[in-house]
Amino acid sequence: MKIKLTLPNNIIREYPAGTTLLEVSRDFAANYQSPIVEGIFNGIGTDLQKPVFENGTVDFITLDTEEGMRVYVRSLLFLFLVAIKELRPEVKIEARNSLGSALFCEITNDIVLSNYDLKALEDYMKELAAKSEPIIYKHINKKEAEKILCERNEADRLELLHAIDDDLLLTCYTLKGHMEYFFGPMLPDCGYLKLFELINYENGIVINYPETGQNELDVFVDSPKLNKMFHEMEEWSTMLQCNTVAKLNRIIKEDHAGVIIQVAEALHEKKIAAIADEITEKGKDVHLVLIAGPSSSGKTTFAQRLSIQLVVNGLRPVPISMDDYYKERLNTPRKADGSYDFESVEAIDLELFNDHLKRLLAGETVKIPKYNFRTGLREYRGRELTLSDNSVLIVEGIHGLNERISAVVPARNKLKVYISALTPMSLDDYNRIQTTDMRLLRRLVRDSQFRSHDALMTLKLWDDVRRGEEKYIFPFQEEADIIFNTTLVYEFAVLKKYAEPLLQGVPETEAVYTNAQRLLGLLSHVTPLDKELIPKNSILREFVGGSAFKEAL
């Protein structure tokens, strides 16, 4: 039996039913500069080893893309886990968080590996890569999966299965006889994994891998402040027994969600109050607080809540919007394609902003501009500002950590705060919910609620947003004086209710349909939770609605 496939460039070819996408990809490999690592069948991202039995449309994802790199890292983690099981089976590993283009894996049973041990593991991994050791793809049903997990005594993973449909087939992978479940496609064999290194780091191991689109391995750059925040949140969520989706589902089903919400919100309030206390303790030295973070971190709500705590401490917070200091449209820098680059630091009138900071902190009165986004012009509407002895300027904007923004203000007179949603939530020990995905879910919901953007528009813009973050925000995150994590351990369940219908509305004909389906697959594991119990001042309210600070949003 033959099937008819519509391939890239609208080429139509016939293949025998049961042909894998890997076999199809070999006919097109020469058309791409980077290896093909994932297939797209009828708009859904699919393992290259998947056999096809019906007519459909086929496209491919290459290694030099963000999604392609997800496949690489997922497969590299599997190779690492197999090396551990083969050489050091007594070591228990959990995949924790990204550190730039590296993955931190924690050793959870306090075993210390020497550099010699790591060299042996790395050599074994490279040996399997040199042999192109196959990663075998297999589908099993829910009952088969439950039987395997019972035999392996993996209760948390077993409980995770309860959230998915009974008739859903699960994709499992086997390498050197070791079978695992991973959320998302894997490489067909280890031969694709040419660049990596293992590094001893704190109480675990860092797997260093190339940046997206790079063909060389960069030197690992430590991010101690960011990693400390990840560790803190991991430990806290583990203490609450709410660090995996399975545990969150159990809490919701047992009607204990209200307690988790209250505790998570109390932690935020405690930490924000501590930041306000630190500002207050610095007395007359600190009169400028700069707040920066990537998209959908909750910067606006954080700034409002910090301001309230500063008032409690007897200070007078004064907000200034960095957006009002955009250069006029005529002078805005452009990207290579000719469009305006509003995310560049050069889009801000740095000279004017620094001049105003200097004059305000010297006690002078300054006329504050208002940027008109419709006309692209800077306007003056009569707002004048003078700081008193107990005033603190609060400036929120993506460039807050960049020293050029506040170069005229000495370090001792300002405090830089970096905020992001560094989620500790994972599906299980090896399948993390990436911070990027959590922020994207937040943005999808917010854009629909408050900006009249459907999921299609948000998904189309997301790659451009991410490029701006990689260029203008993440390189400066370690320069922050304080890092605040805005994630809430329960939010994945709340976002599901809003994000699912939005993602289901993305047309199959659109290129971002693949990403929409991936996110839907991720959301399928969690039990939904209503927002009624969420306090009005919660950072999550910035995205799902009902915020006490709606006038500022």
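This is a predicted model: local features need pLDDT of at least 70, side-chain atom pairs count only at pLDDT 80 or more; totals for chains, interfaces and linings use all residues.
Local features were taken at pLDDT of at least 70 and side-chain atom pairs at pLDDT 80 or more, whereas totals for chains, interfaces and linings use all residues. Residues are numbered from 1 along each chain as its sequence is written, and side-chain values use heavy atoms, without hydrogens and water.

Helix 3 spans residues 115-130. Helices (H or I, at least four residues) and strands (E, at least two) are DSSP runs, numbered from the N terminus. The 16 residues of helix 3 reach 22 Å from the first C-alpha to the last. This is close to the 22 Å expected at 1.5 Å a residue, the expected span being 1.5 Å times one less than the number of residues.

Buried residues (under 20% relative accessible area; exposed, over 50%; partly exposed, in between; 1.4 Å probe, protein chains only) in helix 3 are Asp 117, Leu 118, Leu 121, Glu 122, Tyr 124, Met 125, Leu 128 and Ala 129. They lie on the same side of helix 3 because they cover an arc of only 160 degrees around the axis, taken from the directions from the helix axis to the C-beta atoms. These buried residues pack against helix 2 (66-87), strand 13 (197-201) and strand 14 (204-208). The face turned away from the buried side carries exposed Asn 115, Tyr 116 and Ala 130. Ser 132 follows helix 3, with a positive phi near 50 degrees.

Asn 431 lies in the loop between strand 22 (414-420) and helix 11 (435-450). Asn 431 is buried, with a relative accessible area of 5%. Leaving aside neighbours within four places in sequence, Asn 431 is in contact (heavy atoms within 4.5 Å) with Arg 157, Tyr 181, Phe 182, Phe 183 and Ser 426. Asn 431 and Tyr 181 are 250 residues apart in sequence, but 8.6 Å apart in space, C-alpha to C-alpha.
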